[in-house]
Amino acid sequence: MKHKMLLLAILFLSLCAGPVMAGAGQQTLVIKAGVIWPITGSAITNGLIIIENGKISAVGTNLPVPEGAKILEMPDKQVMPGLIDGHCHLGLSLDVFGEIEETVSAITPDMQILDAFNPLAEDVEKALRSGVTSVLLAPGYRNPIAGQMAIVKLPGEKRDAWLINRSAGVKFSLGNEALMYDRRPTSRPGLIALVREELNKASQYQQSKFDPRAEILKRVVQGQLPVHIYCNTVDEIFAAIKLIDDYKLKAVLVGAREADELANVIAERNIPLIYMPTILASKDKDLKRVGKIAAAGVKVAFASYAPRTNLSDLRTSAIIAAKYGLAHELALKGLTINAAEMLGIAQRLGSIEAGKDADLVILSGDPLDLTSGVEMVIINGDIVYQKEQK
Amino acid sequence: MRELIAIRAGSILTISGDVIENGTILIEDGKMKAVGQEVVVPDGARIIDAKGKYVAPGLIDAQSRLYVIDGELNESRAIAPELDILDAVDPFIKERQEVLAQGVTAACIAPGNRGLLGGLGAVLKMRRAKTSKEMVLRTNVAVKGAIGISHSNESSSLTRLENYSSIREALLETQTYMQQKRKYGQELAEYEKKKAEKKEQAKSDDQQADKGEPASRGAKDKPARPAKPRTNPTYEVLARVLGKEIPLQIEAHRPDDILNALRLADEFDLCLILDKCTEGYKVADQIARRKIPVIAGPISTSFLDMPALEYRNHDARNAAILSKKGVKVAIGVAGWDGASSKFIALAAAMAVANGMDRHAALRAITLTPAEIFGVAERIGSLEVGKDADVVIFNGHPLDAFSQVEMVLIEGKIVYEGSREAGSQQKVAQ
């Protein structure tokens, strides 16, 4: 009986949620823009995007405008898909690292970062204003096996349907940050040994004796759950690749500062890579690395680590990468479709194509022009941010 | 011998005036002799062809860490305004070339923010040099101070209270010190006068004695020499701050700290420069009313790899809002190392993306910082009489993809194409 009531309640709630969700995006919206960057195809000048029920129904030129549609005429503006941040900590009230670092234990795959997410946080709003519409929320850097990452859309004013995936994968950290003087691991080889130990345990895990950590890691070693491995230096990246090879992990490299040194090794394995905020580098040699990585054929996306860097402008990272040698087309893909593919959400996001979610950014100029400002952000067909008029 | 160079430019971004299309800049012995469309180029002048290119004054990073090895220099004493940043400058630092290659020709460097009054800043030119003396454009450009900086990432309002009052106390003590010095000066003058009178007296006494008259009693009550107050280097520097000879550059982030800095300026009638001014947008009217200049930055705090508390309420629109309210705004990078100064044009472009006027943004990395640090008669714009610190870009300087083709400092080509002039080392590809 109790269960039945609960089911009814859930059913009722979801029925309520449905119309609210559609209500906002139900009206047909047509965007007429100077330039449309679909990302998966070439740029369209003076094109239009038709949005119905929060989804893109058509993109192109000379399309018939549906009757009764709301039309946004923006002949001097440019439209691109909402930006996707490949690794950040928005909404986690991150003043000091402690708040996302479970430092008592080094192995915490059962921890879900979404449990600490505050969609109303100010940094979420800032990221939204910079054109970011979806993010991968990640646990911190101090635990070799840090916890489960989540993928959310940034809520903005319309706070519905923001959760995409509560358990999008597990974060590993092979960085220096994971070494602590007062608990295992205290050394780099010790760190790798500990990760292996846990993965070995998980491979042999029997469900008869429930272990919440092994439960998650079992899915990792079976290739059902991806891992995002934070690593920066050549030795850390080598260690990550060895783990991926040995355990046949479905993996993405995160940070990967010096990955240009091993670009071929990474490319031949088809391991995608979410690059660190380029602005954390300052020397020309470091600024040129990401361009070299992509040129070797590695799929690259971008991360802000926000608010760890207080960086809300993911686009700046891509522009700097492009200034120092990354092909412009790949800079745009890194902000959108490449990130979507790495996060497994490309069927819904990452490009302007019929059938995809209407998550769009409207800019005052070219997306890779640093002086272009964000004029409007649309999520699920709703205008969630609009720049104040002068 | 006169050295003449003529740059034939596509667009001359003078900054101080209108853009001059298809103009010429004539340089004689390191100074600009003529800037305009109708410039007569004398025979024998070296012609630099920059047709179709943008020519701008050398860029200035008002918050540079270049030349300062540790990124930030801090003294353990809280009040140490007499320290001079020039004493810790390494002219050989390698990153200079990479920064120069992005069109930066001058950097303002200052002590860090751990002290309340950390020391004196300087403006350096980015030329190749073996001593800091060869690079200095101006010393003692400001005393760098800080209010409300949290060092352990823990907010302590008690420390914040102490910051403001400690700086105030140092300024009050300086006033007392100056009074004592003035008093000493008066007493000394009086003493000298009395001494001279005595001497006169003694002379006439002697003359009288010669004449056989008895000497007056004066010899016994010899005037006492006033005690000289001890010279205090701290107060000596702060006296120059109180005399408006050296500005006080205060790093403050939160509105309360910014307002405290403004209170100091009101109380002591100082030349104040607000540094960083992260939440200045919240108190823009108060800053504008007092005509206090601001070195805003970082435009994106991403230049710093730390979630510093000071930047918690950072808003990328800060520089734009301040500028629109009429505040004189310079932009600095405040990067985490010296090489970050190369991002100065990007920082200005980001300000534009967040609503700052294009011209104001370009001025914020050229003429405005020059004015704030008192070097505008030398650098910051393309005007007759100023140093020929000139950058040739192949596109607009605020376009992130524009390449710097040539940099001149005082009429000398210091960077050309992909390498620093006169250097074997390749700078960029």
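Tutor: Just after helix α8 of chain B, B:Gly355 takes a positive phi of about 110°; helices here are DSSP runs of H or I with at least four residues, strands are runs of E with at least two, and both are numbered from the N terminus. This is a predicted model, in which local features need pLDDT of at least 70 and side-chain atom pairs count only at pLDDT 80 or more, while totals for chains, interfaces and linings use all residues. Residues are numbered from 1 along each chain as its sequence is written, with chains lettered from A and ligands numbered from 1 in the order in which they are written.

The helix α8(B) itself is mostly covered, since 10 of its 10 residues are buried (20 or more other C-beta atoms lie within 10 Å of a buried residue's own, 12 or fewer for an exposed one, partly exposed being in between, with C-beta atoms placed from the backbone). Among these buried residues are B:Ile344, B:Leu346, B:Met350 and B:Val352, along with several alanines such as B:Ala348. They pack against α9 (314-323) of chain A, and in chain B against β6 (59-64), β7 (104-109), α7 (318-324), β15 (329-331) and α9 (358-363).

In soluble globular proteins, nonpolar side chains tend to be buried together. Leaving aside neighbours within four places in sequence, A:Leu137 is in contact (C-beta atoms, placed from the backbone, within 7 Å) with residues including A:Ile113, A:Phe117, A:Met149 and A:Val152.

For the strands, turn to chain A, where an open sheet of seven strands has the order β3-β2-β1-β4-β13-β14-β15, with mixed pairing; two strands pair if DSSP finds at least two bridges between them. The edge strands, β3 (55-60) and β15 (382-386), each pair on one side only. Strand β1 (residues 29-36) runs parallel to β4 (residues 70-81) over seven bridges, and A:Lys32 has A:Glu73 as its bridge partner in β4(A). With β2 (residues 44-52), β1(A) is joined by seven bridges in the antiparallel sense, where A:Leu29 is partnered by A:Ile51.

How values were computed. Contact = placed C-beta atoms within 7 Å.
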